[in-house]
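Visitor: I would like to learn how to read a model like this one, feature by feature. Where do we begin?

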Amino acid sequence: MERDMPTATVHAGEAPEGPPPAVRVRGVVKSFGAGDTKVTVLKGIDLDVRMGELLLLVGESGGGKTTLLSVIAGILDIDAGQLDVLGVPLPQLPGGKKTTFRGRTMGFIFQQFNLLPALTAAENVAVPLLIHGTPKKDAIRRARTMLETVGLGDRTEFVPAKLSGGQQQRVAIARALVSEPRLLICDEPTAALDGENGQKIMAILRDVGRSPGRAVIVVTHDSRIFHFGDRIAELTDGRIVRVHSVPAAHSRGAPGADAASTEPPPAPEESPS
Amino acid sequence: MNYVALKMLFGDRAKYLMLLCGLTFCVMLIVQQGSIFWGLMIWSESGISNLNVQIWVTDPNISQVAEVKPIAPTTVERVRSVPGVEWAVPLYRGVGRARLANGEYHQITLMGLDASTLIGRPAHMEEGRIEDLRTPDAVVVDQWAVERMGGPEVIKVGTIFEINDRKARIVGIAHVQKDFQNIPSVYATFERATAYAPPERRLLSYVLAKARDNEPVEAVTERIAEQTGLGAFTQEEFGWKTIVWVLKNTGIGINFGTTILLGFIVGMAIAGQTFYLFTVENLKQFGALKAMGASTFALARMIILQAFTVGIIGFGIGIGLATLFGTLAASKGQLPFSETWPLLWIVFGSLLAICTFSASISIIKLAKLEPAIVFR
C-alpha cells in the first residue's frame with residue numbers, strides 16, 4: 001500500500017511510483033490582480049496527493065496554502081500548469097460541470113465550520129445530499145447514521161448554537177463525509193478548537209484517510225496535529241519547498257501516537273530538489 | 001433545497017420578522033390608501049351612479065356631474081326624436097338652501113325627477129315611498145341629510161321645512177351613496193324642484209335617456225350627440241369624466257399617489273435592504289453551499305423562494321389588516337373605502353416587483369460570490 005512506502009526524496013512534491021494519485025498538480029501558477037497590483041500567489045506548484053493518505057499542507061501565513069486548496073477544489077481557476085483531480089483535468093471542465101464534479105467527489109471541512117445556524121445537526125449533515133437531489137427523508141436518515149459514526153448520535157436534533165465547538169466540527173465532518181467523497185479538503189479544521197477536541201477531530205480524519213480510495217488534504221498551522229499526517233508538504237512563498245513522510249509510528253496510531261498525543265512534529269525526511 | 005431555504009428564512013427570526021413587517025406595512029399602506037382613494041372616486045361620481053341611467057345628455061362643455069350647465073327645455077323632445085332612444089326624461093340638479101323649523105340653514109343638492117316615471121330615483125328607501133313625491137310639497141331626503149341636518153329627531157318622515165322659502169314636506173328617506181362634497185340630497189319632482197330653484201331662463205340640467213334594447217348604448221349616445229349638438233355620455237363615460245376632473249382639479253390624486261408611491265418605495269427599501277443584509281450575513285453559508293456543489297442557479301432559486309414566501313405571507317397579513325381597518329373605520333360609510341379586486345391585483349403586482357427587486361440584488365451578490373470565501 002502506498003502509505004507504507006518508504007520515505008524517499010521526491011521531486012517537488014511528486015509521489016513516487018504507484019497507483020495514480022488522487023491529486024496531481026504540475027507547474028500550477030495562480031495570480032490575483034493585474035498590472036502593478038498583480039500578485040502571484042502560486043509560483044509553479046508540483047504536488048501529488050496519494051490515495052489513502054492524509055496530506056498535511058503547512059507553511060507560513062500568506063504562503064498560498066488556502067489558494068492551493070481552492071485551486072485543487074476547483075473553486076479558483078489556475079493561470080498556468082496542469083491539475084488532475086481523481087484523474088479528471090479539472091481546469092478543462094466548464095463551470096457547471098466543475099461544480100457538479102466538486103459536489104459529487106469532494107467534501108469540505110472549514111475552519112469556521114460554516115454550519116447553517118437554523119438547521120439541526122442532522123439537517124446540516126443532509127445538505128450535500130439535498131443539493132444533489134436526494135429525497136429529504138432519505139437524506140436525513142443517512143445524515144443521522146453519519147452523525148452516529150462521528151459520535152453525535154444523541155445530538156442529531158440540536159442546532160449548532162447548542163453544540164460545543166468540537167461537536168460542531170464533528171457535524172461538519174459528518175457533512176463532509178455523508179456523500180462519501182473521494183477527496184476530503186480541510187482548511188484549518190482544528191484552528192477553532194481546543195487541543196483535546198483538535199486531536200479527536202484529527203483522529204477521525206486520519207481514519208477517513210485510511211479508508212481505501214480516499215484522500216484527505218489538511219491545511220494547518222497546528223504543529224500538535226502533525227503526527228496525524230502521512231506526509232507533510234511545506235508551502236512557502238508560493239512554492240512547495242519540502243515534502244516529507246511522517247514516520248509510521250507517529251502517523252498510524254501506534255502507541256504514543258493516538259489522538260491525545262501532542263508530540264512535536266517529526267523532522268523532515270524528504271525535500272524537493 | 002427548498003426545505004433548507006425555508007428553514008434559513010424562518011430560522012433567523014429577527015430578520016424574518018423585520019422583513020415581514022416591512023412588506024406587511026407596505027401592503028397595508030398601499031391597500032388602505034388605494035381603497036380610500038378609490039372610495040373617494042366612487043363618492044365623486046355618486047351623483048351619476050345613484051341615478052343609474054344609461055345615457056346623460058347635457059352641455060357639450062360640461063366637465064363633471066356637479067357642474068350644471070343648463071340646457072334648453074326643448075332638448076328632451078330632441079333627444080326623444082333620435083332613432084334608437086327608447087325614452088328620455090328631464091332632470092333638474094341644483095344647489096338650494098334648506099331652512100329648518102329651528103331656524104338652521106343647510107345647503108342641499110336639489111334633484112328634480114320626472115314626475116310620471118320618477119326615473120333617476122334612489123334605488124333604496126330607508127323609510128317612506130318614493131311614489132309619494134307626487135303628493136303636494138313632497139320631498140325625499142337621503143340618509144346623509146338626516147345625519148347632517150340635525151339627526152333623526154329633526155329630520156324624519158313628516159318633517160316640514162323650507163327650500164328657498166318654499167314649503168317642503170319629507171315623505172321618505174332614501175339610502176344613497178355619499179356625495180364627494182358631502183352635501184345632502186333632496187329629491188322632488190322636476191316641476192317642484194324647478195319651482196324651488198331660483199328663477200332663471202333655463203332650468204333643465206340634464207336629459208336622462210335609455211337606448212332601445214336592440215341598440216348598442218354607445219352607438220345611440222354618439223347619435224344623440226351628432227343630432228343634437230349636445231354632449232351625450234354613457235353612465236360610465238360620464239363617471240370617468242367626473243373622476244378625471246376631480247383628479248385634475250383637486251390634490252387628491254397627487255396626495256394619494258404620493259402616499260401610495262411612498263408606501264411602495266418604503267416597502268421596497270425595507271424589504272430590499274433587509275433581504276440584502278440577510279444574504280450578506282449568510283454569505284459564508286451560501287459560499288459553503290456553493291463549495292459543496294450547489295449551483296448559482298440553485299442558490300438563486302433558494303433566494304427567490306425565500307423572497308416570495310415572505311412576500312406572500314406579508315401580502316396576506318397586509319390585506320387582512322387593511323380590510324380590518326376598512327371594516328372597522330369605514331363600515332358606516334363615514335370613510336370612503338372601496339377595496340376592489342383590481343386594487344388587490346395591482347398591490348400583488350407591486351409586491352412581486354418588490355420581492356423581485358429584493359431577490360435580484362441578493363442574487364447579484366451571490367452570483368459574484370467566490371466559494372473561496374469559505375476558506376478565508
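Guide: We begin with a pair of helices in chain B: H9(B) and H10(B) are oblique to each other. Their axes cross at roughly 60° and come within 4 Å. Keep in mind that this is a predicted model.

Visitor: Which residues of H9(B) and H10(B) meet?

Guide: From H9(B) they are B:Thr279, B:Val280 and B:Glu281, and from H10(B) they are B:Leu283, B:Gln285 and B:Phe286.

Visitor: At what angle do H1(B) and H2(B) pack?

Guide: The angle is about 85°, and the axes of H1(B) and H2(B) are 5 Å apart. An angle from 65 to 115 degrees counts as roughly perpendicular, so H1(B) is roughly perpendicular to H2(B). On the H1(B) side the contact is made by B:Leu9, B:Phe10 and B:Gly11; on the H2(B) side it is made by B:Arg13, B:Tyr16 and B:Leu19.

Visitor: Now chain A. How many helices and strands are there in chain A?

Guide: Chain A has seven helices and 10 strands. It is 273 residues long, and 56% of them count as buried. Of its contacts with a separation of 6 or more, 70% are between residues 24 or more positions apart. The chain exposes about 10800 Å², with 51% of that supplied by carbon and sulfur atoms.

Visitor: How many residues of helix H3 of chain A are buried?

Guide: The count is 11 of 11, over residues 121–131. The buried residues include A:Glu123 and A:Asn124 as well as A:Val125, A:Leu129 and A:Leu130.

Visitor: What covers the buried residues of H3(A)?

Guide: Both chains take part. The cover includes helices H4 (136–149) and H5 (165–177) of chain A, together with H1 (2–11) and H10 (283–291) of chain B. After H3(A) comes A:Gly133, with a positive phi near 90°.

Visitor: Which residues touch the most other members of the largest nonpolar core?

Guide: That core has 127 residues, and the ones in question are A:Val23, A:Leu47, A:Ile72, A:Val85, A:Leu205 and B:Leu289. Leaving aside neighbours within four places in sequence, B:Leu289 is in contact with A:Leu116, A:Val127 and A:Ile131, and also with B:Met1, B:Ala294, B:Leu299 and B:Met302. A second, separate core has 39 residues, among them B:Leu100, B:Val146, B:Ala193 and B:Val207.

Visitor: Is B:Leu369 buried or exposed?

Guide: A residue is buried when its relative accessible area is under 20%. B:Leu369 has 9%, so it is buried. It lies in the segment after helix H12 (341–367) of chain B. Not counting residues up to four places away in sequence, B:Leu369 touches B:Leu283, B:Phe286, B:Gly287 and B:Lys290.

Visitor: How far apart are B:Leu369 and B:Val246 in sequence and in space?

Guide: They are 123 residues apart in sequence and 52 Å apart in space, C-alpha to C-alpha.

How values were computed. Residues are numbered from 1 along each chain as its sequence is written. Chains are lettered from A and ligands numbered from 1 in the order in which they are written. This is a predicted model: local features need pLDDT of at least 70, side-chain atom pairs count only at pLDDT 80 or more; totals for chains, interfaces and linings use all residues. Side-chain values use heavy atoms; hydrogens and water are left out. Helices (H or I, at least four residues) and strands (E, at least two) are DSSP runs, numbered from the N terminus. Buried means under 20% relative accessible area, exposed over 50%, partly exposed in between (1.4 Å probe, protein chains only). Contact means heavy atoms within 4.5 Å. A nonpolar core is a set of buried Ala, Val, Leu, Ile, Met, Phe, Trp, Tyr and Cys residues joined through side-chain atoms within 4.5 Å. Accessible areas come from the Shrake-Rupley method with a 1.4 Å probe; for residues, only the protein chains shown count as cover. Axes are lines fitted to C-alpha atoms, for helices over the stretch in contact, and angles run from 0 to 180 degrees between N-to-C directions. Angles under 35 degrees count as roughly parallel, over 145 as roughly antiparallel, 65 to 115 as roughly perpendicular and the rest as oblique.
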